[in-house]
Amino acid sequence: MEQTTLKIEGMTCDHCKAAVTNALTELDGVAQVDVNIKEGTAKVSYDSRSVSVSEMNEAVEEQGYDIV
C-alpha cells in the first residue's frame, strides 16, 4: 500500500467530508481515506496497481472541489 495526501479546496462541512470520502472509497484500489476539513486534506492509502493519484484527483473534482 502507498499513501498520498491530496490538498483540497472548498470543503467546509461534514457533508463535504462525506462527499470526498465516498468519492475516493468508491475507486478500486483505495483502502482507506482520512479527510481533514480544517487542513483541507485527504490522506489516502491505496494500491498503485489499481488506481492512480490523477484518478483520485478527478474523483474529488467531480464532486465540485478543487485540488491544489
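Reply: First, the terms. Two strands pair if DSSP finds at least two bridges between them. Helices (H or I, at least four residues) and strands (E, at least two) are DSSP runs, numbered from the N terminus. This is a predicted model: local features need pLDDT of at least 70, side-chain atom pairs count only at pLDDT 80 or more, and totals for chains, interfaces and linings use all residues. Residues are numbered from 1 along each chain as its sequence is written, and side-chain values use heavy atoms, leaving out hydrogens and water.

Now the sheet. It is open and has four strands, in the order β2-β3-β1-β4, with antiparallel pairing. β2 (30–36) and β4 (66–67) are the edge strands, each pairing on one side only. Strand β1 (residues 2–9) runs antiparallel to β4, and two bridges join them. Glu9 has Asp66 in β4 as its bridge partner.

Helix α1 (residues 14–25) touches β1, β2 and β3 (41–46); contact means heavy atoms within 4.5 Å. The direction of α1 makes about 165° with that of β2. Axes are lines fitted to C-alpha atoms, for helices over the stretch in contact, and angles run from 0 to 180 degrees between N-to-C directions. Helix α2 (residues 53–62) touches β1, β2, β3 and β4. Its direction makes about 30° with that of β1.

Last, the loop between β1 and α1, where Gly10 is found. Gly10 is exposed, with a relative accessible area of 53%. Buried means under 20%, exposed over 50%, partly exposed in between (1.4 Å probe, protein chains only). Not counting residues up to four places away in sequence, Gly10 touches Cys16 and Tyr65.
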